[in-house]
Each structure stands twice: as C-alpha cells, then as structure tokens.
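Student: Could you help me learn how to read single residues in a structure that is new to me?
Tutor: Gladly; let us look at it together and take one feature at a time.

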Amino acid sequence: MRYVLTSRAHLIDSPPTFNSDYGYKSWEAYSNLSYFTRTLPPVHQDCPTPMGVAGKKELPDVKMVAEKLLLRRKFIPDPQRTSLMFAFFAQHFTHQFFKTDMKKGPAFTRAKNHGVDLSHIYGEELERQRKLRLFKDGKLKFQVLDGEVYPPTVSDVQVDMHYPPHVPESHRFAVGHEAFGLVPGLMMYATIWLREHNRVCDVLKQEHPDWDDERLFQTSRLILIGETIKIVIEDYVQHLSGYYFKLKFDPQLLFSERFQYQNRISSEFNTLYHWHPLMPDDFHVQDEVYSYKQFLFNTSILTHYGVNNLVESFTNQIAGRVAGGRNVAPAVLMVAMKSIENSRLMRYQSLNAYRKRFNMKPYASFEDLTGEKEMAAELEEMYGDVDAVELYTGLLVEKPRTNAIFGETMVEMGAPYSLKGLMGNPICSPEYWKPSTFGGKVGFDIVNTASLQRLVCNNVKGPCPVALVKNST
C-alpha cells in the first residue's frame, strides 16, 4: 500500500507549477488559490494548431463531437456493476472541491480549500456554517419528519439554496452546498452526513461531558473528514481501481516518506471527473420509475420513501459505463459539451500528451485508442491525427479495460490526483493522526472502522439496507 500511495502521489507536482495563465513557474501560479492548478501548461497561443503541431487548423464542432461520439444510442450498463449509490456518492463527495467559478471562467475555483474539508456539509463560508449550526452540543440544525431527522428548511436557516420557483418552501432543504437540492440522491447523502455529524456529537459529549459546543463541533468535523477519506479509499477507489489488491487507509505508511501534506486541485482532475455516462435513462425507486423531469429538484422523493428505501433502490440500480463512447444520456449531453468547450478555453494539451505525462504509452492510431473501427474513422475525420485528440473526448471514447467502467487513461490519471488529495489532507499528517485529535480512542475508532455500510446503518431506523457502490446481484 505504501508503494501504491507513493508511486501515485509522486506523479502530482507539489508545490503546484502552472495555471491557465502561467505556463511557466511563477509565484502567482503557486500562491493564487482562486485558480485551479495545471498539470501540463496550456498549448502556446503561437502554435500552428490548437493541439500544438498535430492535427487540423481548427478543432471539430463541439455539438458534432458530442452527438456523433458521446450521445447515448442505447444505455450501456457498467460491466463492473457500479451502482447509482456510487454515482451519487461521487457527485456529492467531489462537489466540496470541484467548484468552478462560473463568473470568472473554467480556470477558477470558488473553493477556499483544495481538498476534503466537508464544506459541502458545513458550508464554504463561516457565515453559512454558523447559520447551519445549532450551537448546542456541537450539532447542526435539523428537523424531524415522521420520526426521522432531515435537514432544516431554507426559511428556517436563511441560507441560499438553488431551487426553482415551483418547489414548495417545506421541501426546500438547506445544507452546506447550495446545489444539493438538484437530485434526491445528493440530498439523501446530505441527510446521512447530517445525521452522522449529530450522532458523533452525542458520542463525544458522553465521552467528554465538560466539552463546550465549539469543541464538540470542531472535533466531530475532523472525525467526519477521517471517515470520508477512509470510505473513499477503501470502498470507492477500491471499486474504481478494479484491483484485486485490497487498498488500506493508513496514514502512518507515509510517515517515513518524503510527502507534502497539502493539495491543489488541478483543472484536468476537474475535467476528467465529468462522469455523466454513469447517469441512467431514468431512476427506479421502489416500484416507481422517475424521468429526469420528475426526479430533478424533487426532494419529496427523499421524505416520501425515506433514506432506507432510497439506499436500497440506488444500490440495486446499475449505472452506465463511462468509457467506450456513446453513453451520455441526452438529458446531460449539454454538460459534456460544456466540458469540451471549457477544455478549449483553457487550451489543454492532447490526450496523448497527458498519457506521456502519467507514464503511459501514447496511442499510435485511432483504432488503438477506441479498440474498434467505426468511431476510430469518425475521430480521424474530425481530428486528423491521433496526437490531436482532445483530453475529454479521448477519455470518453477510449476503449474500456476488460469488463471495466473506465479506460486506462482515466484510471492512471485519476488515481494519482485522488490519492494525493486524500493523503495530503492535514489529518493524515504525523501532527494530526493520533487519537487526541479525534477526541480520544472512541473518536479515532469511528474513523478507523468507517465504511459506507456502517455510515448508513448508524443513521437509519429499523433494518439496515445493503449499501454498496457495486450492485452484487
């Protein structure tokens, strides 16, 4: 495991080196946290083609690329049997550090921290956090509906949330991230983590009856950060990797290594994480089937069915395969198109340039990239040279690994970003990684025994549903 962590993490520059405006080392590129960092510098504006020297003078029309190569013809289920429980976890988890600043442009982030800080649970700004806090026993505000704990409403706490006008006030739940009212899967995870925070507060208060509200809150947050990292490495990354080797979250493995406990999110990581092919054609909850129109901004699905039933339903529904092309649902095709447009604005280098950067052999031909002839021929007509294929297009049309959700490039690029970001968290440092940080043995044990299944079971009433990132039936 030490080898896995060091070999992956050392592929990521730390301190960061470039951003979209500085293709050379500069103090600005290092110090300005409002930028995403860059793994490779932008293609120079004086180059003869958009990808440097290879390919045509102009890149193909974005709409044509999306419709010919990315748009779903028929739903292709993931052969690794990834569940919607995984898909919504991915979306919920990553929105704490993928926060593109839409006003400034795709090179910029609104995130104050470049890593796992649970700002999607507690709020990015201190003002928002304070509105969400109960200021009693360290807890977050909540409401009880039919005997179950749910987030408070916007009218109760007065924080900004993105809801369309038709959503009634009673269903406008308020949580750390303003966009989590979008789909019931996001609000389900927000509810589970709210319950977990308040549960951990109860555990700590019993252990430390003399602690005040502030210490209970702050220590609970550290515990939940630890739980998150453990779940992500041992449940989530484990599944994605396809490794038979069992991954283990143990920060002490790096204490004797050269390792920096800091992280910067790169724009390439933000781009490659647009896994919209995961999304199905519709959503199955118990015996009901919901279209996108019925599912979006419908928080009543959460309160009607309850967390137990949503966990069961999302574990049972298989997500789509990400690699292999032609599996983006029509409802989210515009997001894929925006990813390509933003990549062009930031002048990303080609897929093959990133393969070289991450120690992979560049693809020699279009058929080598796709593993078939039809899409290869269309790619050749669009791009002219395999060294001119764009990063995001290439990641989605790349041939999948055998019976896998992703192709080689997605895994070999994604894993270093992910593991460096997780293990670079301050709680993994020798100064923090000790029982006293987490309120003693009891809190440290919560971190060290965390799993997705345990998280769910600790926060639902009655029989615990099976909660898996992979559908096992």
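This is a predicted model: local features need pLDDT of at least 70, side-chain atom pairs count only at pLDDT 80 or more; totals for chains, interfaces and linings use all residues.

Student: Where does K139 lie?
Tutor: K139 belongs to the loop between helix 6 (126–132) and strand 1 (143–145).

Student: Which side chain makes a polar contact with the side chain of K139?
Tutor: The partner is D202, whose side chain makes a polar contact with that of K139 at 2.9 Å. Not counting residues up to four places away in sequence, K139 also touches R133, L134, H197, N198, C201 and D213, besides D202 itself.

Student: Which residue does UniProt list for "binding site" in a loop, and is that residue buried or exposed?
Tutor: An unreviewed UniProt entry lists H276 for "binding site", and such an annotation may be inferred rather than shown by experiment. H276 is placed in the loop between helix 10 (267–272) and strand 3 (283–285), and because its relative accessibility is 19%, H276 counts as buried. Leaving aside neighbours within four places in sequence, H276 is in contact with V332 and V335.

Student: Where is R8 found, and what is R8 in contact with?
Tutor: R8, which the unreviewed UniProt entry lists for "binding site", is found in helix 1 (residues 2–9). R8 has a relative accessibility of 10%, so it counts as buried. Leaving aside neighbours within four places in sequence, R8 is in contact with residues including Y3, Y243, V411 and E412, and A415, P416 and L419 are also among its contacts.

Technical notes
Residues are numbered from 1 along each chain as its sequence is written. Side-chain values use heavy atoms; hydrogens and water are left out. Helices (H or I, at least four residues) and strands (E, at least two) are DSSP runs, numbered from the N terminus. Buried means under 20% relative accessible area, exposed over 50%, partly exposed in between (1.4 Å probe, protein chains only). Contact means heavy atoms within 4.5 Å. A polar contact is a pair of N or O atoms within 3.5 Å; within protein, one must be able to donate a hydrogen and the other to accept it, and residues adjacent in sequence count only if both atoms are side-chain atoms.
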